[in-house]
Amino acid sequence: LKLGVEVPQEAANGKYQVTVVAKGKNSSDRLVFVVEVAQAVGGGVALDTEFPALRGPSDVTFTFSLDLKNDTGEEIQFGLQTQGPTGWQIDARPSGQSRASTVTVAAGSSERITVDVDPPDFSPAGTYPVTVEATGSGESATASLAVQITGNFSMAIATPDQRLNMDVEAGKATELPLVIENDGTAPLVDVSLSGTPPRGWDVTFSPATIQRVEPGATADVVATVTPADDAIAGDYRLSIRSQVA
């Protein structure tokens with residue numbers, strides 16, 4: 001059996017005797033115990049989460065689930081505030097609500113809080129702190145969260161003057177300058193280039209591999225294109241591809 005005892009809010013401090021009596025057809029028994037009411041009840045309020053840190057690229061929204069616990073003796077209406085890096089969109093609300101910024105938690109109960117963190121799409125890789133605070137009736141609780149941005153990987157290849165054509169002679173090597181641009185938020189490591197020339201043609205690259213290109217930076221590469229000795233006059237298609245090993 002389970003016995004629940006509800007103490008009135010107006011109950012004065014002190015000790016109270018409670019007697020439980022069990023009766024059967026031919027017998028009975030009783031159990032006496034004492035409930036002590038103290039001025040300070042419970043352990044305050046707390047914001048807890050099972051996963052305080054999330055990891056991913058900067059173009060996604062990170063969602064945290066927190067439990068707001070009220071271990072005091074009274075119902076509290078909490079206001080929710082957030083703090084994070086400049087330019088980030090951070091929204092804390094009761095779960096299941098889209099616009100509410102406050103939540104009421106009964107005494108001895110808890111409510112689930114959802115926190116959405118949306119960083120700018122081109123945030124550099126790194127770890128960023130996010131703070132959530134719940135305050136009400138003189139009580140407050142804080143949760144320290146962390147978002148680890150792994151960065152976006154994006155790369156572009158072009159010519160310095162944006163031209164996509166070149167003049168060559170049969171059997172003669174011609175150099176074509178290229179520019180590799182890292183327009184993502186994470187470094188590009190071991191970038192290699194490859195070409196798909198017409199049959200009998202040859203294309204090489206110098207350097208063959210670019211060790212590292214930082215976000216927002218560029219690297220210069222020279223492609224050497226050698227047409228076949230018997231190439232006739234006309235237009236030919238040459239595809240060049242850059243990729244991370």
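Guide: Let's go through the ring pairs, then a glycine. Keep in mind that this is a predicted model.

Visitor: How many aromatic pairs are there?

Guide: The count comes to two aromatic pairs. In one of them, the ring centres of tryptophan 88 and tyrosine 128 are 4.8 Å apart with planes at 45 degrees, so this pair is tilted. Planes under 30 degrees apart would count as stacked, and over 60 as edge-to-face.

Visitor: Where do tryptophan 88 and tyrosine 128 lie?

Guide: Tryptophan 88 is in the loop between strand E6 and strand E7, while tyrosine 128 belongs to strand E10, so the pair ties together parts 40 residues apart in sequence. Both tryptophan 88 and tyrosine 128 are buried.

Visitor: And what about the rings of tryptophan 201 and tyrosine 236?

Guide: Their centres are 4.8 Å apart and their planes at 40 degrees, so that pair is tilted. It links distant parts of the chain, 35 residues apart: tryptophan 201 sits in the loop between strand E14 and strand E15, and tyrosine 236 in the loop between strand E17 and strand E18.

Visitor: Is tryptophan 201 buried or exposed?

Guide: Buried means under 20% relative accessible area. Tryptophan 201 has 14%, so it is buried, whereas tyrosine 236, at 38%, counts as partly exposed.

Visitor: Now the glycine: which residues is glycine 136 in contact with, leaving aside its neighbours within four places in sequence?

Guide: Those are Ile76, Gln77 and Phe78. Glycine 136 lies in strand E10 and is buried, at 13% relative accessible area. Glutamate 75 is 61 residues from glycine 136 in sequence, yet their C-alpha atoms are 9.9 Å apart.

Terms used. Residues are numbered from 1 along each chain as its sequence is written. This is a predicted model: local features need pLDDT of at least 70, side-chain atom pairs count only at pLDDT 80 or more; totals for chains, interfaces and linings use all residues. Side-chain values use heavy atoms; hydrogens and water are left out. Rings of Phe, Tyr and Trp (its six-membered ring) pair if their centres lie within 6.5 Å; planes under 30 degrees apart count as stacked, over 60 as edge-to-face and the rest as tilted. Helices (H or I, at least four residues) and strands (E, at least two) are DSSP runs, numbered from the N terminus. Buried means under 20% relative accessible area, exposed over 50%, partly exposed in between (1.4 Å probe, protein chains only). Contact means heavy atoms within 4.5 Å.
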